[in-house]
Amino acid sequence: MSNITLKQLRYFEALARLGHFGQAADACAVSQPALSVQIKELEMRLGGPLFLREPRRVMLTHLGIEMLERARAILHSVDELEDLARAAQSSLQGQLRIGIIPTIAPYLLPAILDPLTRAFPDADIHIRETMTPVLIQELSDGQLDTAILALPISEPWLSEHPLFDESFVLVRPEGEATLPVPDPSDLQKMRLLLLEEGHCFRDQALAFCNIPASQRARTLDGTTLSTLVRMVEAGFGVTLIPEMAIASETRSAQVSTAHFTAPRPSRTIGMVWRKSSPLAGHFQGMAAIIREVQGTL
């Protein structure tokens, strides 16, 4: 047992998470044979198989399931020791992994990346764009350091820091620009275009419109805000987009936008990170920069 190495634990965690030897090897930046050898040695040390090997995937055995939680706890502790050393330095160094949701990334990143790079010149910033549930899981697994998303998240192990609030706007065909702005009850009678399941923006739009679950089958789903706006332009219905997306998404589309009357639908954009992270002070500095940049947009 004393011969178990951190490298073996990292390979094991990657294979457990990805379920594929090739993908795990790529994630660990090693060859597949090298990863396989280390997994085999780990299984020999533990006295039993950690994975059931099938032609297209691998699955955890009972021993593997028992092992995974403990391995992740060890790896998290080691990562936090490394972060503690980084936090003690005058400037943030090494890889900085930032997650961000798709309904924020295209509109906020162009404005904040340069100021963040100048503020943290020694940091190697990596951006991960994906939906909120994935970001939360990757924060939990230690694959991300911090994330920018819509609050609240309400996970007791996460520290939440609001950045700014923004309203949602209605996007409808250009020919409807002079019509009264519909209220939530009116929107229930329209063909509403929404992002697909998994996007928190979809849930926020549904909550504002107060659409019963029995009527949600009438909505049409899209993969991006750009797709939704183009569907509106083609006359398929109406949609809601965040205020920060107006300039980018409606610039070349023949659609009209309108603000709702109070109380307007809105969301709070914020940053989250693990409460145990030694890099919290640096993240607070990042949050201050983002607030300042957003205030000038």
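Pro152 sits in the loop between strand 5 (146-151) and strand 6, and the peptide bond that joins Leu151 to Pro152 is cis. Keep in mind that this is a predicted model.

- For the Leu151 to Pro152 bond, omega comes out at about 0 degrees.
- Ser154 is not a glycine, yet its phi is positive, at about 65 degrees.
- Ser154 has a relative accessible area of 59%, and the cut-off for exposed is over 50%, so Ser154 is exposed.
- A cis peptide bond also runs from Ala262 to Pro263, with omega near 0 degrees.
- Pro263 belongs to the loop between strand 10 and strand 11.
- Ala29 has a positive phi as well, about 60 degrees, although it isn't a glycine.
- You'll find Ala29 in the loop between helix 2 and helix 3 (32-46), and its 69% relative accessibility makes it exposed.

**Aromatic pairs**

- The count of aromatic pairs comes to four; two of them are picked out here, starting with Phe208 and Phe260.
- The ring centres of Phe208 and Phe260 are 5.0 Å apart and their planes meet at 65 degrees, so this pair is edge-to-face; the cut-off for that label is over 60 degrees.
- Phe208 comes from helix 8 (residues 200-209), while Phe260 comes from the loop between strand 10 (255-259) and strand 11 (266-274), so the contact ties together parts 52 residues apart in sequence.
- Phe208, at 16% relative accessibility, counts as buried, and Phe260 is buried too, at 3%.
- Trp273 and Phe283 make a tilted pair, because their ring centres are 5.3 Å apart and their planes are at 45 degrees.
- This pair links distant parts of the chain, with Trp273 in strand 11 and Phe283 in helix 11 (residues 280-296), ten residues apart.
- Trp273 is buried at 2% relative accessibility, and Phe283 is buried with a relative accessible area of 0%.

**The largest pocket**

- The volume of the largest pocket is about 700 Å³.
- Its lining takes in 26 residues, and those nearest the centre are Arg10, Gln95, Arg97, Gly142 and Gln143.
- By class, the lining of the largest pocket splits into twelve charged, seven polar and seven nonpolar residues.
- Helix 4 gives the largest share of that lining, with six residues.

- Helix 5 (105-119) and strand 6 (158-173) each supply at least two residues to the lining of the second largest pocket.
- That lining has four nonpolar residues, three charged ones and one polar one.

Technical notes. Residues numbered from 1 in each chain as written. Predicted model: local features only at pLDDT ≥ 70, side-chain atom pairs only at ≥ 80, totals over all residues. Heavy atoms only, no water. 1 Å grid on protein atoms, 1.4 Å probe; cavity = no way out; pocket = protein on both sides within 12 Å on 5 of 7 lines; lining within 4 Å. Points joined across faces, edges and corners; volume = space filled by probe spheres on them. Helix = DSSP H or I, 4+ residues; strand = E, 2+ residues; numbered from the N terminus. Nonpolar A, V, L, I, M, F, W, Y, C, P; charged D, E, K, R; others polar. Phe/Tyr/Trp six-rings, centres within 6.5 Å; stacked < 30°, edge-to-face > 60°. Buried < 20%, exposed > 50% of the residue type's maximum accessible area, 1.4 Å probe, protein only.
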